[in-house]
Amino acid sequence: MNIKELAKKYDLNKDDFWELKRGSKAVWIITHDAVEKIAYQEGIIFAKPDVYRDNNKDVALLGEANLGTRSEWTTGEASSANCKNAYLWAMAEKRLKDRLTLKLINAYEYGIYSDIEADFKK
């Protein structure tokens, strides 16, 4: 699935993603809002995550989600070292859910990442 097919399938528009050039390679960055739209349309079910924290400041969530009979697990983390806002718990949740969604729809195979996974600049 390429970005055009993804956009058509989930009714995304040009504001929902952009191309990021990395040397001779390029990847597609999709917004968190667009990933949430995909998760809703697909009917992805997220399980309550396990919480890991360091000094009640840095947080990592280990979670699982299901799409039909398919299941995936991954982590979502946030710390002052990788997050510029004060809402570390919310960012960890967003990262977890976006990663699970993108895994379940097989988007990583096609170089599609969520904008909240790293400090991607448009």
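Trainee: How many aromatic pairs does the structure hold?

Mentor: This is a predicted model, and ring centres have to lie within 6.5 Å of each other to pair. On that basis, the number of aromatic pairs that the structure holds is two.

Trainee: What is the geometry of the pair that F17 and W28 form?

Mentor: F17 belongs to strand β1 (residues 17-22) and W28 to strand β2 (residues 25-30), so that the pair links distant parts of the chain, 11 residues apart. Their ring centres are 5.8 Å apart, with 75° between the planes. Because planes over 60 degrees apart fall in that class, the pair is edge-to-face.

Trainee: Is F17 buried or exposed?

Mentor: The limit for a buried residue is a relative accessible area under 20%. F17 has 15%, so F17 is buried.

Trainee: How do the rings of Y108 and Y113 pair?

Mentor: Y108 is partly exposed at 23% relative accessibility, and Y113 is partly exposed at 29%. Their ring centres lie 5.4 Å apart and their planes stand at 50°, so this pair is tilted.

Trainee: Which side chain does the side chain of E117 join in a polar contact?

Mentor: E117 lies in the segment after β7 (112-114) and, at 15% relative accessibility, counts as buried. The side chain of E117 also reaches the backbone nitrogen of S114 at 2.8 Å. The side-chain partner, joined by a polar contact of 2.7 Å, is Y108.

Technical notes: Residues are numbered from 1 along each chain as its sequence is written. This is a predicted model: local features need pLDDT of at least 70, side-chain atom pairs count only at pLDDT 80 or more; totals for chains, interfaces and linings use all residues. Side-chain values use heavy atoms; hydrogens and water are left out. Rings of Phe, Tyr and Trp (its six-membered ring) pair if their centres lie within 6.5 Å; planes under 30 degrees apart count as stacked, over 60 as edge-to-face and the rest as tilted. Helices (H or I, at least four residues) and strands (E, at least two) are DSSP runs, numbered from the N terminus. Buried means under 20% relative accessible area, exposed over 50%, partly exposed in between (1.4 Å probe, protein chains only). A polar contact is a pair of N or O atoms within 3.5 Å; within protein, one must be able to donate a hydrogen and the other to accept it, and residues adjacent in sequence count only if both atoms are side-chain atoms.
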